[in-house]
Amino acid sequence: MEPLTEQEIRASFVNCTKGEAKRLAVPRDLAERPWADLDYLGWRDPQAPDRAYLVTMVDGRPRGLALRCPAAASWQTRRSMCSICLTTRDGGVSLMVAPKAGKAGKQGDSVGAYICDDLSCSLYVRGRKESGSGIRLHETLTVEEKVGRTVANVTAFVARVSV
Ligand SMILES: [Zn+2]
């Protein structure tokens, strides 16, 4: 994806208030992020470990999601698969919950997904980051195909939250 500015990131959130979007922790190292290899920009709030964020491009516009990571129950520390990049890992995948946009979100509606803890799906699918002790699924897809699938999955997740 193309590099985004802090302002573009703050303006992209679909499921939090303008005030929250203004205050939330945007990474300070935006200039050093490997944008060309990112299907989405994802990060965790260093001050609030239960908060994570992701921003991706949908129809040429940045769309951001504010996510909550409920404390992991013991059953979650077992191996699980990221629903975005389909990497299987030992305990490196967390349930992340996005309040829905608009009225539905205010009424408590949310959408959950299992996502790589460090929100580095883009780097795993490109082989730029190792997924550790997880079983590597034998896949015959090319990197381009895996990237396409990752983009489709993250776009679908944003769409489910935006509805
Ligand atoms: Zn992932």
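1. Let's start with a term: two strands pair if DSSP finds at least two bridges between them. Here β6 and β7 run antiparallel, with seven bridges joining them. Helices (H or I, at least four residues) and strands (E, at least two) are DSSP runs, numbered from the N terminus.

2. Keep in mind that this is a predicted model: local features need pLDDT of at least 70, side-chain atom pairs count only at pLDDT 80 or more, and totals for chains, interfaces and linings use all residues. Residue numbers start from 1 along each chain as its sequence is written.

3. The protein averages 91, and 91% of the residues score at least 70.

4. Now burial. A residue is buried if 20 or more other C-beta atoms (placed from the backbone) lie within 10 Å of its own, exposed if 12 or fewer, and partly exposed in between. Five of the seven residues of β6 are buried, so the rest of the structure largely encloses this strand.

5. Which residues of α5 are buried? They are K146, T150, N153, V154, F157, V158 and V161. Seen down the axis of α5, they fall within an arc of 135 degrees (taken from the directions from the helix axis to the C-beta atoms), so they line one face of the helix. The face turned away from that buried side carries the exposed residues E144, E145 and A152.

Terms used. pLDDT is the predictor's confidence in each residue, from 0 to 100.
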